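Hi everyone, thanks for coming.

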Amino acid sequence: MIYAIMVLGIAMLLFALIFIEKKFPKKIHKWIKIITFIFILTYAFRLLNFDKFDNIIGLQCDYMSKGMVAWMMLLKTMLPVATIVTAIEPFRTTYTTKNILRFFVPVVTLLNIIMYKQNLMMFFGTSNVSAFTLRGIFFATELIFMGGISAYYLYKFIINFEKSKRYLNPLKCILAILGLMIACLPVNFFQTLFGIFGEEALDFNFTHRAVIYLSFIIPLLIYFGFRRKSKEECKTLLIYLATSCLITFCYTIDINSLNYTNLPLHLCNTGVFLIFIAFVFNIKSIYYFTFFVNVIGALFAMFMPNYSGSLFIAENIRFWYNHMYVFFLPVLAMVLKVFPRPTFKMIKGAIGVFTIYFISMIIANAWINTFASVDYFFLQGDTISKHAQFLTDWKNLYIWKVVIRGVAYSTSWLFDIFVYVGYVFLMFIIWLVYDYLFKAQDHYTRLNELDKIDMLNIRQLKKRLNGDLTLPINIRGKNMINISHFTKIYAGSDKKAVDNFSLKVKNGQVFGFIGHNGAGKSTLIKSLVGIQSITGGKIEVCGYDITKQPLQAKLNIGYVSDNHAVYEKLTGREYLNYVADLYLVSKQDREERIERYSKMFHLENDLDREIKGYSHGMKQKLVVIASIIHNPKVWVLDEPLTGLDPVSSHQIKSLMRKMADEGHIVFFSSHVIEVLEKLCDRVAIIKQGKLVGEYSSEELKAKKMSLEDIYLDSADDVVEDDVKSLIVAGNKGSKESN
Amino acid sequence: MFERIKLLTLLQLGGRKKKVVHNKKQLLVSVLLKLLTIVAITLVMYFAFNFIKNYFSFPINKSVLTFVLFISQYISIITSTSALMSILYNSKDNAILLSYPAKHNEVFISKLVVSYLEQLNKNLFVLLPLFISFGVLNQVAFFYYIASFIMFLVLPIFPVFIGAILSIPLAYIKKLFKKFPVLYVILIIGLIVGVFFLISAFIDAIPKPLRLVAIYNKFINGFLEFVSSANKFALFYNFVTDIMYSINIWLNSLWLILVLSGIVLLTNYISMPLYFNLASKSNEHQNSNKVKKLKPVNQKTTFTAFLTKELKLTFRNINKVINDYALIILMPIILFIMNVALSAIIVTDLGRAIIAGFNIIVGMVLVSACNTQSATAITTEGGEFVLLKTAPSKTSNMVWAKILINFIVSTFFILLSSLLMTISNAVTIQNIWPICAIMILVNWSHILMSFQFDLLNPKLRDYAESGKTDNNPNANKSVLVGLLIGIIIGALAIFLFNEDMILGWYKIVTIALAFFILRLYLFVKNLRVFFKRIEY
């Protein structure tokens, strides 16, 4: 009779759904959701009623054969998978779960209908059961809903076969089913099939360590499996896992035996419900509460489990499932980027939820302990206080008592405050730890991205230069500096230090470069010699791209910086030899050049003294010699004459002229207009990061124009700006002093 | 005058402050974090004292407070004197500050104020938690807490002013040593001989076998006697604890004020007048007349060029080497003494595991503390880094040259420590070499980590401007991480050895090797990607 009712029920539900689809095609999804919701309630009722099956150990059962018990265990393992998929799929659909609902759920439903009587025997622990008990009726209804919904999905697959078959991936489905079977494994699975085996997970013995390792390995595997999936897919996964967590937690709960003393109000128990609510309803404050509070609580519990007996008995499996899920689900949600990284606002929200929870536990303890004995959040017992005498004293001495209608409600207020502050403090510590981990995650993501870009650039360059990276990228620019649309923006600034700057400097020239303070001269020079990166455009030195072929480009550059930093503990000669080594200069060449230039700059008697004894000018001259020790084609000098005496200044200017006459490029910046006018073949003026003009000395002479006039004309508005800013600053100062 | 001192102080503080607080919210978070840290340190101290009191039956009383206070304050005086020698006479900012329109005395006072504020900041995390945890443990009267707060403000004055006085003769002695280096060598040899005799005396004094339980009371009483006699040298710190414990408050306060006034007067009449003289001389141009012998120079590879340069710079600045490697140089002696003491104790298997693990922890803490120089290796290139950026060769080899030196020096001292451990007999020879292997591998990993900190966040400009690596965040991070790694690896070793010594060795050496390979892989990758992106 009951079998006929169930088959008929499934058929009626299927036809009803087909009818609704035909008549009201827009409302079909709504109806499926309503039916699914009723199905969830039906299942919840059965789940919260304890099965006698959960008491079976090692297949020993007096109302069923061993083979039948094993088979029923297998069915019991598959049923939650079918249930979860049926319950979630209409709300969050994926191809895999849709296919599981179409093909796996009908089979599981059919098998459970066939084994309906055996199922009832498992519920009640006797062979003498009536098919029409309340739980039996609920179970039959559950099967009808599951069968009807899955049959409808199968029907849809058949009528859209050509389209739907493209999304059919049997391997993925099998893996997902196996994964879900493990995710919501009945907690009595091991004790039913294998009896009481396995050792107690205590004192960090092998068993204890193994489950702890698993608690880290499982989320890692899930993370690596899903890290490239979309946010929605990850969220669906998390909802499935949160539901599995809820189901495994509720397996051994019997709603009929619940009372004030065994309510699931401990931190990790509440975590099971809160994680589910946070994921399903996307409530951030609850999620961050689980992220900051539950994770650490569960981790502590896993390290110090308070249970006894073999690991594989139902209660202990439940303990580990509960704590593992509560430990890793919030973390997984964060690393899979389903929830954004916490900010101060979010931690405030989490503290808010914790405060509500904490006050509730104080009230619950105060109230329930007037007629029973409970220790929710360990506020009543000595779990926490036994670790320090002062806590025991606080707990016993500072008690707040309220008498209402003759009943005394009490709480240890100072101890409660200590625990509350301590936990909030712990939340901040966890925040710092998380923050560190987030930074590490960001760093390694960036590292991998940059590494890939670098590799790709080298491959492209090799391809372009037929594998020989020593060739210039631009053969026509062999004897020149070619700056093309160069732009530089410093990190942390949105202002362009140099903007779309283009310039060509040919060999045999002394090229001068002038601009006001902060105009971008040093920025341009630093990018030209490879000290700073380039935001936009390109710079080529003797045909080599400074970014893509830095080593080849730098071989052709000699650079005198504006800070003349040298290793003061080395002698002048040692420093020059060190630089020569870096610039790959042969022994013979370096000896000849060191001798020649040291004589030229009158340094020959000081070369074997430590540099720390050198004067400013001597250091500058040493840096100049070092910069040309490799006889570079391009000699770049940043303010080379600053602070030099007239003789030294003359020596350097003569050398610059000589180098240019020998066919080198001499590129330098200076503030001294007279020097530029006398020394340079060409001069460029830079203003606020932009090239204002480029002038030939001969042209200027021919037109009888002065560089000073041109510079001052071009710099007028800059000067005006400076004067204006000075006036504003002056006004501000006078107002403040007033 | 006060306005100028205030300005000079703010100027110096502004230069030292690394993090700038932009708004009230950041200020609130920063204050909250400091507060939480103080609470955390107080709790840790409380539990530590509670543990010592309850589990070792060791009395934590006023006498012990005086002892802890005077030891910590004497250390403060030493560090403060050393810091003031640098801040007062050798600081780069002297040239700027002395040129300002302020009297030299005002510059001097502003420097003392800055030092006082720094001491106060340190004490916020040391003295204040110490006083509070002591008070809670001993359930003292409320006045104790008021006195604690006053002492927290007053006590930093002593090391600063005493440091200012002591820094003068020391500055002259330093000059003398520079002029006659032989005197310095004689002093160092004298110190080594002294330490050797002390060690020998200590080793001879250890009874064999050492039965801790049997001699426990004797040991405690002996220690208390030692505390009591040591407190005779606590001088005015006895007044401090007496005031806190409400003993002759007025009389002791008067003594304390008198001592304080004496120190202030001495500073005023001795240190202040000599300050400008010493500070200006140290900034004068020093012309070195040393001529190095000319040696034939061959062309080198970039790596050997860097290595030669590093070795020359290292050996020409022996003081820096001693500062950088002080702990690692002391490591063999410390581990030897520790193991000699431990060898006299008859221990169980667990005891053996603990001794092995403890050797790893102590060794790692000492050796990793010296890796701060790895954490500032790129930073200390300062302005010279420009040369590395413009050179047409693989200049990241510079890092490997520095790493090689650190690897060699630290490995040498770890091997030396292991050799000395074999003499001590606390750990069997079969167990010493795995300890040595673990320390070498983990230390190498830590060196690479420290380099990575600097690679990712070099403070080139700061160093180029100041020539100092004080308060370098990478160095601080390196010390903290070294401490954590040492504790974790040591605890893991104890845990694994306790299960099965031989299997434990295999496991822990494998873990250390895996850690090293992982760090090496990550470091090479970081170096490849980020070295060329360092900007100056």
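I'll start with a sheet in chain A and then turn to chain B.

A quick word on conventions: this is a predicted model, where local features need pLDDT of at least 70, side-chain atom pairs count only at pLDDT 80 or more, and totals for chains, interfaces and linings use all residues. Residues are numbered from 1 along each chain as its sequence is written, while chains are lettered from A and ligands numbered from 1 in the order in which they are written.

So, the sheet. Chain A has an open sheet of 6 strands, in the order 8-9-10-5-11-12, with mixed pairing. Strands here are DSSP runs of E with at least two residues, helices are runs of H or I with at least four, numbered from the N terminus, and two strands pair if DSSP finds at least two bridges between them. At the edges of the sheet sit strand 8 (557-560) and strand 12 (690-696) of chain A, each pairing on one side only.

Look at strand 9 (residues 634-638) of chain A: 5 bridges join it to strand 10 (residues 665-669) of chain A, and the two run parallel. There, A:Asp638 stands opposite A:Ser669.

Now, chain B. How many helices and strands does chain B have? It comes to 21 helices and 0 strands. The C-alpha trace of chain B spans about 70 × 65 × 55 Å along its principal axes.
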